[in-house]
Amino acid sequence: MNWFREDFFIKKYLKKISHLFYVLILVFVTSLCFFIYQTDSEKKVYKSDLIELSNIKYGLFNVDEWKFIISGILVKKINEFELNSNNKKQLKSKISSFLQKEINNLEKRFYEQNYSSISGYFKNGVVSFTGTFDKIKKDIPIFSKQIISYVETPKNKNSLKHYLIQQLDIYTKNTFSKIDYSKFNLILKKYNFRNRRDTSLFLNKKVENLEFNSNFQKKLLIVTTLVLIFSLFYFKENIDNFNFLILFTICFLFLILGLTLPMIEIDARISEFKMSLLSENVVFTDQVLYFKSKSILEVIQIMIFKGQFDLILVGFLIFIFSVVFPMSKLISSVLFISHKKLKYNKLINFLVFKTGKWSMADVMVVAIFMTYLGFSGVLSEQLSNVENLSEKIEMLTTNQSNLQIGFITFTSFTILSLFITNKLKISKGIQN
């Protein structure tokens, strides 16, 4: 009799502990979900702005950027250009050869043009007698020296510099279309920076800090899920309706996050592009080629409002299997444990214990994971092909695609709900 009383008090004590444990877990999970959502929302804003600034259209594919680079190189080369005894002699020789050739051509054309008329014949005779062209040729070294002196003058060097840049502006305006900088300028204004470099550094730091917090939250989420699964086996018969209500509430929180937060982030970029132009290195870094980060609800919305029948059908099926069935299962589970009469209701029983097979949430998790692996492999292969386009260009591409916290929360919901439903079935004596 004493043994029976002791066993009764132990079970009662364990039940109170289980109540306290699940209440504390619920408070912890609620806080964790709030911080996860807050962190991801902030990261999404900073990341989208950073991706926009890093878009290849503002860098490697931007004529204004190339104009700035080429202008800088031209200015540098002009400033570095200094005549010494060696190159001055070479330059003087080339100028003299050029002048000699042009004067010879001028002399030849002069005689040919005046050969067919009497007055022209007279002009040719005067020019030949006076030796006009011979005198000009004799002064070629003087002309060459004057040209070199002209080039060496700082004022004329600046004029040449401005002329080259002006011509570059004309060529780019006539050849390329203009880039829309409206989003670009709004982002700079938003963070009170004047250039892309400083804004990108600021945003990179923000994203890195939020990524660190997000990774820590992922670990907490996984550990919490494992603890909850372990508790189902540890407390065994001490899990009552109150505990089940808390567990389904936790599942609901996981499901909401899993549906609203991004599942996969696809990020393909050229991390470094390097080439030599006029013996000067031209470098572009973090050039984003493609970026997408969508949640399940965002994908459904895009498909349904796209207007194409096949996409609408797929979007509707995803909505049914990943939103309607899981939600109806959770609501029915709460009704099942709250009202004894509903224990034998066929619809409620179907929604609680059978929709797990119909919702295919576990299949969807595997499909998303396999899609990520497959897409990541294809993307890495294609980027490696880009690197081998030219031997004269050094290019380093990166595939920064990764699974997001939405995938972790949706997976946690799927696994945890399966264990809880199985525990509920055993606890209520439900037969298959």
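**Packing around helix 12**

Helix 10 (residues 241–260) packs on helix 12 at an angle of about 165 degrees, with the axes 10 Å apart. Axes are lines fitted to C-alpha atoms over the stretch in contact, and angles run from 0 to 180 degrees between N-to-C directions. Helix 10 is therefore roughly antiparallel to helix 12 (a term for angles over 145 degrees). Their crossing is left-handed, meaning that the near helix is turned anticlockwise from the far one by less than a right angle. Helices are DSSP runs of H or I with at least four residues, numbered from the N terminus.

The model is predicted: local features need pLDDT of at least 70, side-chain atom pairs count only at pLDDT 80 or more, and totals for chains, interfaces and linings use all residues. Residues are numbered from 1 along each chain as its sequence is written, and side-chain values use heavy atoms, without hydrogens and water.

Helix 11 (residues 296–304) also packs on helix 12, at about 150 degrees and with the axes 7 Å apart. Helix 11 is thus roughly antiparallel to helix 12. This crossing is left-handed. Contact (heavy atoms within 4.5 Å) joins Ile296, Leu297, Ile300, Met303 and Ile304 of helix 11 to residues of helix 12 including Leu311, Phe316 and Phe319. The contact residues comprise twelve nonpolar, two polar and no charged. Ala, Val, Leu, Ile, Met, Phe, Trp, Tyr, Cys and Pro count as nonpolar, Asp, Glu, Lys and Arg as charged, and the others, Gly among them, as polar.

Helix 12 itself spans residues 309–338. A bend of about 35 degrees falls at Ile320, taken between axes fitted to the seven residues ending there and the seven starting there.

Key:
Helix = DSSP H or I, 4+ residues; strand = E, 2+ residues; numbered from the N terminus. Expected span 1.5 Å × (residues − 1). Parallel < 35°, antiparallel > 145°, perpendicular 65-115°, else oblique.
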